[in-house]
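Trainee: Before I read anything into this model, could we go through the words used to describe it, and check each one against its cut-off?

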Amino acid sequence: MEVPILKQGAVLIATFQAALSDADLNQLRSALVQQVVRFRSRGVIVDVTAMDVMDSFASRTLREIAHMIRLRGAETVIVGIQPEVAFAMVQLGLTLEGVATALDLEEGLAYLNQKFKTTK
Amino acid sequence: MAKRDESSELLRELVAHLRQNRTQLREEWVGRISETRLLTAMTKEEIFAEATSVYDSYVEALETETFEALQAYARNLSERIIPRGVETHEVVGIVLLLRDVLARSLFAKYQTDFKKLNRILDAYEPAANRIANTVAVGFVQERERVIRQQQEAIRELSTPVLQVRERLLILPIIGVIDPQRARQLTEQLLRGIRTNRAKVVVIDITGVAAMDVTVANHLVQTVEASRLLGATVIVTGLSPEIAQTLVTIGVDLGKMNTVGDLQGGIEQAERLLGYKVMALAEPS
């Protein structure tokens, strides 16, 4: 299942609808990395609220997405990680180092707007 | 087999002797109890009543050589006297006193026949020791049950997650943290972050004197999990021992935000949230 990517001003928003296969995740990664430059976006939000399991592949892919997008000149925020998922991830050692996180979409947008203001 | 028969024969004789002299021996025993100042938490009448039932169960256990009834009685007795502050040494003490009183009466009865006395004691001593053992174990088990129950109660007095400002939570932790409580704390905190939409959390562990490596690791994991929910955690009030533990397990201090005391932690949290607190006037 493909993840829809919405454009909202200078921000791209990718919302997971359900658990994703590895192929879907790879597809999402390439789509985001391409579109961030095509739309001249300054920020990317990946919303994982619907995920109730986060395995090591998904976690690694999210980290890669964040780092690749930084190299393409934009900021990434992962939003909506569930409390149980968060603790399970930490126990598995998947802490998404160097990746910004926020509570939900609203918080993620607030974070990016703050970033845009300070780097303008 | 012959020896066993002889032994139970002797025990029967012994039991008959104890039944016959019940009143006198019981009184002597109670006298010894108050002499040695045991069971000071109970009144004289209570001691006498309990002594009577202990004496009867004791003789019954000797007679039947089964200890279930005595065990049940010991448990029941412990249930009643533990809340009144009766100590283990007192319970063991009174049972040993009874053993001594009865042995003395045997000496008196068989003083002319040393051989018989020896055989009677051979039969009496193992049984008496077993009774003492049964009562003591029953008491200690009951005590442990009470302790377990209290631990449960303490656990249920769950640690509150409090909102002190918009988007700022504090989590004061007091007392010993075991792995189970640590897990419960984490769950509550992560849920609290979500429901209160917190951005900063101050975990105050001033009231925790020490924690083991497992719990310290758990604390670090809680901090990281909170970050995944988009909240910054500030840990305040680390005792020197806990600091030592964290250094020993090699915590990455870049991930851990620590401030000396709760006040400092809240001030730092306010800075992170963009608050500026200032006095409007001199305190009246």
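Mentor: Let us begin with burial: a residue is buried if 20 or more other C-beta atoms lie within 10 Å of its own, exposed if 12 or fewer, and partly exposed in between, with the C-beta atoms placed from the backbone. By that count, 40% of the 120 residues of chain A are buried, and for the 284 residues of chain B the share is 32%. This is a predicted model, in which local features need pLDDT of at least 70 and side-chain atom pairs count only at pLDDT 80 or more, while totals for chains, interfaces and linings use all residues. Residues are numbered from 1 along each chain as its sequence is written, and chains are lettered from A and ligands numbered from 1 in the order in which they are written.

Trainee: What makes a stretch of chain a helix or a strand here, and how many helices and strands are in chain B?

Mentor: Both are DSSP runs numbered from the N terminus, a helix being H or I over at least four residues and a strand being E over at least two. On that basis chain B has 10 helices and five strands, whereas chain A has four helices and five strands, which follow the pattern β-β-α-β-α-β-α-β-α along the sequence.

Trainee: What is the phi of Leu96(A), and what of Arg197(B)?

Mentor: Phi of Leu96(A) is near 50°, a positive value in a residue other than glycine, and phi of Arg197(B) is likewise near 50°. Most residues other than glycine have a negative phi. Leu96(A) sits in the loop between α3 and β5 of chain A, and Arg197(B) in the loop between α7 and β3 of chain B. As for burial, Leu96(A) has 21 C-beta neighbours inside 10 Å and therefore counts as buried, while Arg197(B), with 17 other C-beta atoms within 10 Å, is partly exposed.

Trainee: What makes a set of residues a nonpolar core, and how many residues has the largest?

Mentor: A nonpolar core is a set of buried Ala, Val, Leu, Ile, Met, Phe, Trp, Tyr and Cys residues joined through C-beta atoms within 7 Å. The largest has 70 residues, and those with the most contacts inside it are Ile78(A), Ala86(A) and Val201(B). Its largest share, six residues, comes from α8(B). Apart from this core lies another, of 35 residues, among them Trp29(B), Leu39(B), Ile81(B) and Ile94(B). Not counting residues up to four places away in sequence, Ile78(A) touches Val46(A), Val48(A), Leu62(A), Leu96(A), Val99(A) and Thr101(A).

Trainee: Why is α7(B) called roughly parallel to α8(B)?

Mentor: Axes are lines fitted to C-alpha atoms, for helices over the stretch in contact, and angles run from 0 to 180 degrees between N-to-C directions. The axes of α7(B) and α8(B) come within 10 Å and cross at roughly 10°. That makes the two helices roughly parallel, because angles under 35 degrees count as roughly parallel, over 145 as roughly antiparallel, 65 to 115 as roughly perpendicular and the rest as oblique.

Trainee: Which classes of residue make up the contact of α7(B) with α8(B)?

Mentor: Ala, Val, Leu, Ile, Met, Phe, Trp, Tyr, Cys and Pro count as nonpolar, Asp, Glu, Lys and Arg as charged, and the others, Gly among them, as polar. The contact of α7(B) with α8(B) has seven nonpolar, five polar and no charged residues.

Trainee: And how many residues does each chain give to the contact between the chains?

Mentor: Chain B gives 12 residues and chain A gives 13. On the side of chain B, the largest share, five residues, comes from α8(B), and by class that side has four nonpolar, three polar and five charged residues.

Technical notes
Contact = placed C-beta atoms within 7 Å.
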